[in-house]
Amino acid sequence: MSLVRQDLAALPAYVPGRSLPGAIKLASNEVPYGPLPGVVEAITEAAANSHRYPDMGTVRLRDALADRYRVDADRVVTGCGSVALAEHLAKATCLGPDDEILYSWRSFEAYPIIAAVSGATSVRVPNLPDHGHDLPAMAAAVTPRTRMILVCNPNNPTGTALRRAELDAFLDAVPETTLVVIDEAYREFITDPEVPDGIQTYADRPNVVVLRTLSKAWGLAGARVGFLVAQPAVAEAVRKVLTPFSTSALAQAAALAALAAADEVERRTALVRAERERVLPAVRKLVSEVPETQANFFWLPLGDRSAAFGAACEERGVVVRPFQGDGVRVTLGTPEENDAFLAAAEAAFAL
Ligand code: PMP
């Protein structure tokens with residue numbers, strides 16, 4: 001008899017992007033510009049009251065989000081990062097191995113872990129050769145046991161994005177008894193007008209949940225704030241399984257300050273998008289098959305060379321994110337950081 005669940009021994013741990021002192025970190029899809037104006041002050045101010053529990057209902061923050069995204073506040077749930085909310089959604093939908101969580105692969109590394117920890121069965125549908133989700137195959141993989149489908153748009157780590165027509169057809173094909181979670185962690189970086197905003201386009205469907213984070217464009221990865229928009233009954237169920245007080249007082253204050261700095265967020269996001277335009281053609285001269293990306297990162301499908309390429313970049317002071325046997329994900333940074341990556345990549349390929 002083991003003290004802890006025996007199946008956990010075989011479960012791979014979540015591997016975060018590496019931080020190396022002195023190196024340029026392009027490994028975790030963060031934005032490179034430091035905290036937004038007002039964020040540090042707001043956290044400092046909130047810290048003065050940190051002997052008190054936070055507002056568990058995160059009322060001010062949910063009101064601010066509801067206002068910004070034009071939805072009712074009772075449909076918004078905040079949590080300790082959107083990854084925690086994805087876990088809560090698994091808890092709210094799945095009881096055990098008879099319940100299936102469906103997602104495309106490769107996608108966000110946390111999905112298989114969330115499925116395994118919740119005790120559900122993972123069903124993976126391979127990505128298309130262009131590295132995007134195969135939505136028709138995903139729809140065909142739905143069974144009466146499918147409790148939750150995770151659709152990552154744009155997809156981490158490939159950057160590929162799903163367009164309106166294909167998503168419409170997919171959602172029409174999925175039964176309303178299956179929850180579809182559209183994970184839009186990178187929504188703010190999208191420029192393709194054909195890629196729909198999940199909150200505005202789909203959140204009124206009874207079985208759709210849209211997941212967002214303040215970790216990426218909003219620059220709050222360290223504060224841990226994510227949110228979801230769902231139908232009131234689903235939001236209510238998620239609140240029941242939520243770890244109490246999981247959006248800390250400091251996180252709530254930081255998020256409110258970040259939302260108040262939306263113009264600056266847009267300015268910074270535009271810089272990242274412009275860098276994507278500049279850097280991608282240069283990257284494609286080195287690796288021809290880089291898929292179209294709508295995110296703040298791009299994917300190098302280097303297969304068996306991925307780990308060696310990652311190590312070669314690291315030796316040159318640039319930390320990227322290799323997935324050995326598959327590819328390397330590189331986050332867009334400042335122009336200087338991206339130039340350092342291009343130089344490191346060129347040197348790595350010259351070896
Ligand atoms: N979804 C996707 C697709 C992600 O890439 C990430 C972060 N890597 C998350 C969710 C989780 O973000 P957070 O928990 O920081 O909100």
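**Exercise 1. State what covers the buried residues of helix 4, and find which residues of that helix are buried.**

Solution. The cover of the buried residues of helix 4 includes helix 3 (82-93), strand 3 (100-105), strand 4 (121-126) and strand 5 (146-152), where contact means that two C-beta atoms, placed from the backbone, lie within 7 Å. Helices (H or I, at least four residues) and strands (E, at least two) are DSSP runs, numbered from the N terminus. The model is predicted, so that local features need pLDDT of at least 70 and side-chain atom pairs count only at pLDDT 80 or more, while totals for chains, interfaces and linings use all residues. Residues are numbered from 1 along each chain as its sequence is written.

Next, the buried residues of helix 4 (residues 110-117) are Tyr111, Ile114 and Ala115; a residue is buried if 20 or more other C-beta atoms lie within 10 Å of its own, exposed if 12 or fewer, and partly exposed in between, with C-beta atoms placed from the backbone. These three are on the same side of helix 4 because they cover an arc of only 100° around the axis, the arc being that of the directions from the helix axis to the C-beta atoms. After helix 4 comes Gly119, with a positive phi near 85°.

**Exercise 2. Work out which residues of helix 2 are buried, which exposed residues its opposite face carries, and what the buried ones pack against.**

Solution. Within helix 2 (residues 59-69), the buried residues are Leu61, Arg62 and Leu65. Their arc around the axis is only 95°, which puts them on the same side of helix 2. The face turned away from that buried side carries Val59 and Asp67, which are exposed. The packing partners of the buried residues are strand 2 (76-79), strand 8 (226-229) and helix 9 (249-260). Arg70 follows helix 2 and has a positive phi, near 55°.

**Exercise 3. Give the strand order of the open sheet of 3 strands, and say which strands lie at its edges.**

Solution. The order of this open sheet is 9-12-11, with antiparallel pairing, where two strands pair if DSSP finds at least two bridges between them. Strand 9 (297-303) and strand 11 (321-323) are the edge strands, each of which pairs on one side only. Strand 9 is joined to the antiparallel strand 12 (residues 326-331) by 5 bridges, and Phe298 stands opposite Val330 in strand 12.
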